[in-house]
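Welcome! Please take a moment to turn the model around before reading on.

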Amino acid sequence: MKTPEWLKPGLYGAACGAVALAAIGFSWGGWVTGGTARTMAADQSKAEIVTALSLICVDQSKRDPQLAERVAAIKTASSWNRGDLVLKNGWATMPGSAEGNSQVAKDCADKIAA
């Protein structure tokens, strides 16, 4: 069987085109592998959970009888210590859990200090 003359350059062109398409797609096209997509989804879901729980934290802070003094202390504290103050006040401890969440406390402190 004799192969046509155009077949060999055509196959080379298709192979080079596939490699170029994959390189461009993964670098500039926004394509990601399945593992990267799972990691991105997990990170995004954690961020959304922290955002939702920080709203509960802000609500719990509003129920504190010493709110004015504690908010003043949070506003005067450095940004590094604000989350610790919220944890110490117990506002980042969600109903049904024994201890507070530091990420929730940081986000809550940012919202309270704003």
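Predicted model: local features only at pLDDT ≥ 70, side-chain atom pairs only at ≥ 80, totals over all residues.

Residues are numbered from 1 along each chain as its sequence is written, and side-chain values use heavy atoms, with hydrogens and water left out.

Let us begin with helix α2 (residues 34-62) and helix α5 (residues 102-113), whose axes come within 8 Å and cross at roughly 60°. Helices here are DSSP runs (H or I, at least four residues), numbered from the N terminus. The axes are lines fitted to C-alpha atoms over the stretch in contact, with angles from 0 to 180 degrees between N-to-C directions. α2 and α5 are therefore oblique to each other; angles under 35 degrees count as roughly parallel, over 145 as roughly antiparallel, 65 to 115 as roughly perpendicular, and the rest as oblique.

Which residues of α2 meet α5? They are V50, T51, L53, S54, L55, C57, V58 and S61, and their partners in α5 are Q103, V104, D107, C108, K111 and I112. Contact means heavy atoms within 4.5 Å. By class, this contact of α2 with α5 has eight nonpolar, four polar and two charged residues. Ala, Val, Leu, Ile, Met, Phe, Trp, Tyr, Cys and Pro count as nonpolar, Asp, Glu, Lys and Arg as charged, and the others, Gly among them, as polar.

| Residue | Relative accessible area | Class |
|---|---|---|
| D64 | 12% | buried |
| A92 | 2% | buried |
| A20 | 37% | partly exposed |

D64 is found in the loop between α2 and α3 (67-76). Not counting residues up to four places away in sequence, D64 touches R70 and W91. The side chains of D64 and W91 make a polar contact at 3.0 Å, that is, a pair of N or O atoms within 3.5 Å, one able to donate a hydrogen and the other to accept it, where residues adjacent in sequence count only if both atoms are side-chain atoms.

A92 lies in the loop between α4 (79-89) and α5. Leaving aside neighbours within four places in sequence, A92 is in contact with C57, V86, L87, G100, N101, V104 and A105.

Finally, A20 is found in helix α1 (residues 7-27). The C-alpha atoms of A20 and K111 are separated by 47 Å.

Key:
Helix = DSSP H or I, 4+ residues; strand = E, 2+ residues; numbered from the N terminus. Buried < 20%, exposed > 50% of the residue type's maximum accessible area, 1.4 Å probe, protein only.
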